[in-house]
Amino acid sequence: MIYVGTVSGNGSVKGNGKGIYTLSQSDTCLQVVDCLEADNASVIKASADRKVIYAANESKNFGGINGAGGGITACRIMDDGRLEKINDSIAYGSRTAYVEPTSDNRYLLVANHGSHTTVTCSYERNRNGEWRLKRGFDESNVALFSLREDGGIGGLLDLVAFEIKGYWCHGGGQSTSHIHCVRTRDDLVFACNRGADEIEVLKIDRHANELVFIYSFFVRSGYAPRYLEFHPHDSIIYVANENYPSVSVYRYDAGGKLTELQMLGTMPEEYYIDRPLPKFDKRHADPGEKNTSGFADRGAAMPSDIHISQDGRFLYVSNRGPKGNIAVFRVNQDHTLSLRGHIFIDSKDPRGFALNGDLLYVGLLDRNTMQVFLLDKESGLVSKHLYDFGLPAPSSFVI
């Protein structure tokens, strides 16, 4: 079975999905078996034993409660492949963007993105005696939940909030922290803070059942790290940068210390003639500085998802924009990348995608369509476009 998380109308991106769809697959087509209704289940992840699927419910009012924030949902996979809801919970943050169960099914990590909008207003007097509006934003955080023996969501164990600003801090999408993705391996936790140009590094303390903050790794000013992927066999992470179409390669040690090995573009070479990758020499933009990020430049490309092949030979990064595509990289022996080419897609919003052996599944959010491709095992590029399948607002896959 294939499970697809979809976008509905309650998130930052609009869609007409109804929840998590269960699909069956034959050699020539897909078929909808069932749909478990869930509020804006934009990202889904499976437990290591593939018995439970967890969804991040990107909402500000989960469960219909004004101001409740986002949510998380746990669903068991039944013998016939259909999903049955176990339980759900508020996520203790707004616009919940990602979920990550630990490999032993003991904990669930949650990334709460936070909103771009003001949620509180107050006034304060400055040194000149003038009263000025003070804007408050809902905080972005990483939350740690316990998981029950049946895979259901237990209680909130810990929460680490971030209030740092990024380069485009003057109304440019980085005026506050935004944790977009949280991943874990060997109890190290890496969280992409796209709002602060940082990767937050934490560790799960299993004795205290809490998160221990280690340090904030500053990437590059303005680049907005969005999603990351682990190398399957080594201490390497690959990070898709959302504001400027690029991917970064980092090595990490046992203590979580990151070292950048490489950064390169995810678009064809000619793209960068008009939009070269910037190198800002300061931490924050000046007031009134022209915003050149993808958040402000609607004609720019913006990476969204990132995955590596199971054998670690190829890395794939999806690019949203007028010429939507998936960049294909060969992973070199030293784990750096070499661009092999692009899979061009007739969509401005190829968002989530998934790899399954030599098959590639791509969700075209703006076209309410899934596309299925056969990959060439030697080049990593597309060998054949197999078929399209209509599905409302596909965003994330479990295969």
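Let me begin with arginine 251, which is partly exposed, at a relative accessible area of 33%, where buried means under 20% relative accessible area, exposed over 50%, and partly exposed in between, with a 1.4 Å probe and protein chains only. Before I go on, please keep in mind that this is a predicted model, in which local features need pLDDT of at least 70 and side-chain atom pairs count only at pLDDT 80 or more, while totals for chains, interfaces and linings use all residues. Residues are numbered from 1 along each chain as its sequence is written, and side-chain values use heavy atoms, with hydrogens and water left out.

Arginine 251 forms a salt bridge with aspartate 234, and the closest N and O atoms are 3.8 Å apart; the term stands for a side-chain nitrogen of Lys or Arg within 4 Å of a carboxyl oxygen of Asp or Glu. Because arginine 251 lies in strand S20 (residues 246-252) and aspartate 234 in the loop between strand S18 (225-230) and strand S19 (236-241), the pair ties together parts that are 17 residues apart in sequence. Helices (H or I, at least four residues) and strands (E, at least two) are DSSP runs, numbered from the N terminus. Aspartate 234 is itself partly exposed, with 25% relative accessibility.

How many salt bridges does the structure hold? There are 20 salt bridges in the structure, and, as a general point, side chains of opposite charge can pair when their charged atoms come close.

Another of these pairs is aspartate 297 with arginine 275, whose closest N and O atoms are 2.8 Å apart. This pair links distant parts of the chain, with both aspartate 297 and arginine 275 in the loop between helix H1 (271-274) and strand S22 (302-308), 22 residues apart. Aspartate 297 is partly exposed at a relative accessible area of 24%, and arginine 275 is partly exposed at 31%.

Lysine 282 and glutamate 289 also meet through their side chains in a salt bridge, at 3.6 Å from N to O; lysine 282 is partly exposed at 28% relative accessible area, and glutamate 289 is partly exposed at 27%. Beyond such pairs, a network of salt bridges links Lys45, Glu100, Arg183 and Glu229.

I will finish with a nonpolar surface patch formed by Ile90, Tyr92 and Leu156, which together have about 230 Å² of accessible area. Isoleucine 90 belongs to strand S7 (residues 83-90) and is partly exposed, with a relative accessible area of 33%. Patches are made of residues with over 30% relative accessible area and no salt bridge, like charges being joined within 9 Å and nonpolar side chains (Val, Leu, Ile, Met, Phe, Trp, Tyr) within 5 Å, and accessible areas come from the Shrake-Rupley method with a 1.4 Å probe, where for residues only the protein chains shown count as cover.
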